[in-house]
Amino acid sequence: MLALLVKFFRACWPPPLKRFICSSPDAFGWEDELIWCKDYGQHLHGQFSMAVVQANNLLEDQSQIESGSLSLLDSGPFGTFVGVYDGHGGAEAARYIADNLFDHIKRFTTEQQSMSFDVIRKAYQATEEGFQSLVAKQWPLKPQIAAIGSCCLVGVVCSGTLYVANLGDSRAVLGRLVRATSEVLAIQLSTEHNAAIESIRQELKSLHPDDSQIVVLKYNVWRVKGIIQVSRSIGDAYLKKAEFNKEPLSEKFRLQEPFKKPIISAEPSITEQNLHADDKFIIFASDGLWEQICNQEAVDIVQSHPQNQGIARRLIKAALQAAAKKREMRYSDLKKIDRGVRRHFYDDITVIVLFLDSNFVSRASSGKGITLSVRGGGSIISANSLAPYTIP
């Protein structure tokens, strides 16, 4: 039955464009236009690996790595910034974050002359306000922009401190060496905001005590107001400002009852911790990865392969293999399915693995190292950025 279904999908949608394949592990190459990666690169504190696979008709994930000065001044502070932005309803919010959030980080770091919890919080707030202003401007001609939003996961390594901030259900996981056993354990660093989590449902109910329908179980999935799974995001103006929850917005997004305060928020959960030599790497990924593999499995994959062999790409391959197995189909068959149709099997997936060199503290304080700016997403492909690649 499944084989017939796959044949039906392939008959209705044309196959992806085939292009050349490069055999060198450091070269860029690709098998179809749905997979991008940078297998290996240098950042201020070590190495990194980055990969994206598209499932939707339009890739809604965006991502970036920035390494070097974290302010507008050449004197620093210096560090590495990682961002994973998982859009929903469209790609506009994720793209806006990729274009603006790091600039806000640099502006507030310059003002305060240091990286801090408060810098990150203010940068998130400024990004949210900027996108809401964009929604207000475009609303008359493009009302659907009010229903576009994005999760926003950020990591900043600076002066031996790791800051992790999150809105939505992307996730950051640390791989830490346990010297007594030589194992590398998975430690989740981010707090997730998804109505599937009991504590989040309770949080929503406490914030909206008079709304018995604040969370609704719909088709066996918990959703805020029966519409959206995440309880915090950038964008989603229709759930934050009542003036956007009306015609001409599509009826499927409009709420029957008026609301006086935002239903979901853009307040990030932020943590900070000192890093030490046993902290080996951090995996930043959209929820498309974590729907398929668990934290420890992801850490084991990273730990068991050399850093220069496309670790992010390997994690995506493991996720796709798991997705195929769930549907009792072959991985090779899954790869032949075109975008849009693939969304029935898995979500867009973005993965960034940031390896940490044991000498990163002295590197960062001196300001010496690689200045890096890499963007990942369907519309931003360059020699210094992501390029499509084969997942064998």
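Glu 198 is partly exposed, at 41% relative accessible area, while Arg 201 is buried at 10% (buried means under 20% relative accessible area, exposed over 50%, partly exposed in between, with a 1.4 Å probe and protein chains only). Their side chains meet in a salt bridge, 2.5 Å from N to O (a side-chain nitrogen of Lys or Arg within 4 Å of a carboxyl oxygen of Asp or Glu). Arg 201 and Glu 198 are 3 residues apart in helix α4 (residues 198–207), so about one helical turn separates them.

This is a predicted model: local features need pLDDT of at least 70 and side-chain atom pairs 80 or more, while totals for chains, interfaces and linings use all residues. Residues are numbered from 1 along each chain as its sequence is written, and side-chain values use heavy atoms, leaving out hydrogens and water.

The structure holds 17 salt bridges. One of them joins Lys 142 and Glu 92, at 2.5 Å from N to O. This pair links distant parts of the chain, 50 residues apart: Lys 142 is in the loop between α3 (117–138) and β5 (149–150), and Glu 92 in helix α2 (residues 92–112). Helices (H or I, at least four residues) and strands (E, at least two) are DSSP runs, numbered from the N terminus.

In helix α3, Arg 121 and Asp 118 lie 3 residues apart and form a salt bridge, with their closest N and O atoms 2.6 Å apart. A network of salt bridges links Asp 118, Arg 121 and Lys 122.
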